[in-house]
Amino acid sequence: MWRLKIGEGRDDPYLFSTNNFVGRQTWEFDPEAGTPEERAEVEEACQNFTKNRRQVRANSDLLWRMQFLREKNFKQTIPPVKIEEGEEITYEKATSALRRAVHFFEALQSSDGHWPAENAGPLFFLPPFVLCLYITGHLNTVFPTEYQKEILRYIYNHQNEDGGWGFHIEGHSIMFCTVLSYICMRMFGEGPDGGQDNACARARKWILDHGGVTHIPSWGKTWLSILGVFEWSGSNPMPPEFWLLPSFLPMHPAKMWIYCRLVYMPFSYLYGKRFVGPITPLILQLREELYTQPYNEVNWTKVRHLCAKDDIYYPHPWVQDLLWDSLYILTEPLLTRWPLNKLVREKALQVTMKHIHYEDEISRYITIGVVEKSMCMLACWVEDPNGDCFKKHLARMKEYIWVAEDGIKMHSFGSQLWDTSLAIQAFLATDLTNEIGPTLARGHDFIKKSQVRDNPSGHFKGMHRHISKGSWTFSDQDHGLQVSDCTAEALKCCLLFSMMPPEVVGDKMEPERLFDAVNILFSLQSKNGGLAAWEPAGAADWLEVLNPTEFFEGIVVEHEYVECTASTVQALVLFKKLYPGHRKKEVENCITNAVRYIESIQMFDGSWYGNWGICFIYGTWFALGGLAAVGKTYNNSLAMQKAIDFLLRTQKDDGGWGESYLSCPTKEYVPLEGNRSTLVQTAWAMMGLILAGQAERDPTPLDRAAKLIINSQMEDGDFPQQDTTGVYLKNCMLHYAAYRNIFPLWALAEYRKCVQLPSKSI
């Protein structure tokens with residue numbers, strides 16, 4: 001059986017940690033573990049997902065939940081609640097439903113205080129790891145038989161009916177993920193016509209029907225060139241000399257968005273070396289299977305700009321193609337020949353590798369994310385196959401593996417801090433401290449231990465890194481990358497805990513550490529008042545014309561986000577109340593400018609575009625939280641009035657809210673098909689309405705929404721998994737598996753606290 005392990009790693013000589021691996025979550029397979037009944041329960045969950053995968057694409061993250069509930073001997077002791085047609089919700093019934101949700105979710109807290117959860121969904125996360133391990137010869141070591149079985153299960157479960165795979169689990173089929181998934185199946189031993197339900201044959205037919213592998217987008221061309229299934233001459237240049245550019249140029253690496261910068265860093269190293277993996281019999285077979293013409297007859301120069309129309313979200317402007325052509329025709333022939341190959345290219349490769357090693361070290365070889373991890377790991381292997389750097393990378397592979405009833409996938413490394421900071425606020429809203437004190441104390445301890453205590457090592461500004469001391473990351477302290485909204489939400493938790501009895505929730509955080517967090521937030525505010533997420537924004541927006549991807553938008557430079565801005569406003573308002581003398585003028589200016597930014601980006605229909613959740617409902621909830629924190633109300637704020645009109649206008653007949661993921665790429669509100677609602681989005685809308693005083697004006701919309709949440713609660717206090725509700729970069733959906741517990745619980749807590757409910761005891 002599979003088992004989730006928490007906080008382990010002390011015995012591995014290639015692992016090192018800044019806080020004793022707090023928050024680390026890894027899976028292991030134990031063939032002897034579990035009773036026959038427990039194994040049957042797991043298999044039943046897997047079969048149920050496969051049977052229902054067309055109805056609900058996101059898994060319920062059941063395997064570790066089963067494990068934790070079993071280990072804690074969880075039993076739901078609070079009777080279920082049902083609100084009948086025409087029945088009023090009483091205070092007692094709302095309390096019972098809330099306590100059932102709290103009792104269940106408490107049992108899912110880990111020993112170090114965080115809530116584990118899958119954070120996945122994109123279907124391009126897994127294949128690069130498989131390709132990397134195949135090239136390096138470690139495929140069967142890192143992914144032994146049981147792992148391969150579950151990876152194949154995942155690939156089969158998320159194959160679309162037309163034979164392809166989407167960019168993410170909810171999406172239409174695209175060339176990029178279909179080709180990569182096909183190659184994975186072949187690497188794990190499936191024949192050209194093999195796989196469950198003829199998966200390989202169906203995938204290959206989709207590929208060939210859509211023009212063959214020459215139409216794969218640029219990232220795919222790069223990976224296939226590395227693998228030997230494509231030629232580097234068919235890819236657009238990614239010269240490592242980019243890392244030698246002088247800092248005054250507008251396209252200097254330091255001015256790029258950090259994720260874009262660090263994706264193309266290892267790509268440029270591998271491109272500069274024109275590295276190609278071993279040409280095995282399988283590679284030769286793939287050259288025959290994936291093309292519509294013989295491999296040796298492909299005109300590689302002409303395929304560089306080809307891309308299947310299904311993959312294109314951001315079409316390249318002509319000026320960008322002109323740039324690639326100039327580099328391809330004029331620059332690369334010079335840089336790859338003597339004397340420039342010795343004078344310039346070799347130096348560029350050395351500098352690029354220096355940056356890769358620096359990023360690896362300051363992240364404890366986690367790297368900043370799942371896309372970068374496999375490429376940095378491969379670059380280290382190319383430099384030295386037997387070196388310690390590659391071994392350290394292998395040791396951190398486990399962080400990215402996640403197992404659920406739909407199989408094994410690679411996830412984002414985790415959302416431990418983000419989920420926990422939200423869960424804690426939900427629990428605090430319940431006013432049930434006397435029942436959940438130990439849970440709060442463990443969560444508080446995790447948040448305190450997860451704060452980043454230092455800036456990146458060495459001359460970090462010269463390595464294009466921002467300050468991080470006092471911040472919180474998306475995941476755990478070892479990751480090391482500051483995020484503004486994670487910092488703001490964690491800061492809120494610490495400030496709230498500081499007002500509570502330490503004998504219940506633990507010692508409050510030292511003021512200096514709170515001050516460090518505030519300093520991080522100040523550093524990430526732009527001139528327009530908005531907050532960037534990772535590093536200060538400020539580079540020219542026209543640089544987005546150079547976006548080299550076809551399936552992402554807005555990735556070249558850092559931008560401001562309504563969620564980051566609103567979270568910061570809420571945190572600083574609370575901070576100002578508790579520490580009125582600390583940098584008073586700066587705090588006030590930051591809040592004032594942030595509120596002005598929030599109001600300035602409101603959409604015409606009254607909503608706000610959400611960048612990290614789907615979509616306008618999510619953004620609107622955050623914005624309303626920021627506005628309410630500074631005293632804006634329905635009566636004194638036109639922005640609030642318009643926002644409430646938007647939320648009330650989009651409420652469904654069943655009392656809930658449901659927004660399609662299509663809102664994100666189209667940037668227009670799109671309701672879910674079939675007039676459906678989701679509980680998570682219903683909770684966001686409920687809390688937004690409550691923040692804007694809906695309970696005092698007319699609680700009827702809140703009553704209808706609360707009824708839907710209460711009646712949807714399951715026997716054990718859990719809530720059902722529904723549509724994916726997370727997103728990033730507008731076009732890629734992300735499954736936050738803990739959201740289905742956090743937000744309905746939180747909304748019920750706010751409803752019970754803010755709405756005057758009839759009581760049987762009165």
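Mentor: Start with burial: buried means under 20% relative accessible area, exposed over 50% and partly exposed in between, with a 1.4 Å probe and protein chains only. This is a predicted model, where local features need pLDDT of at least 70, side-chain atom pairs count only at pLDDT 80 or more, and totals for chains, interfaces and linings use all residues. Residues are numbered from 1 along each chain as its sequence is written, and side-chain values use heavy atoms, with hydrogens and water left out.

Trainee: Is Ser 567 buried or exposed?

Mentor: Ser 567 has a relative accessible area of 0%, so Ser 567 is buried. Contact means heavy atoms within 4.5 Å. Leaving aside residues up to four places away in sequence, Ser 567 touches Asp 485, Ala 488, Glu 489 and Phe 622.

Trainee: How many aromatic pairs does a search of the whole structure find?

Mentor: Rings of Phe, Tyr and Trp (its six-membered ring) pair if their centres lie within 6.5 Å; planes under 30 degrees apart count as stacked, over 60 as edge-to-face and the rest as tilted. The search finds 56 aromatic pairs. The ring centres of Phe 124 and Phe 551 are 6.5 Å apart with planes at 20 degrees, so this pair is stacked. Both residues, Phe 124 and Phe 551, are buried. By contrast, Tyr 291 and Tyr 295 pair edge-to-face, at 5.3 Å centre to centre and 85 degrees between the planes.

Trainee: Which charged end sits over the ring of Tyr 328?

Mentor: A charge sits over a ring if NZ of Lys or CZ of Arg is within 6 Å of the ring centre and within 35 degrees of the ring normal. Over Tyr 328 it is the charged end of Arg 304, 3.9 Å from the ring centre.
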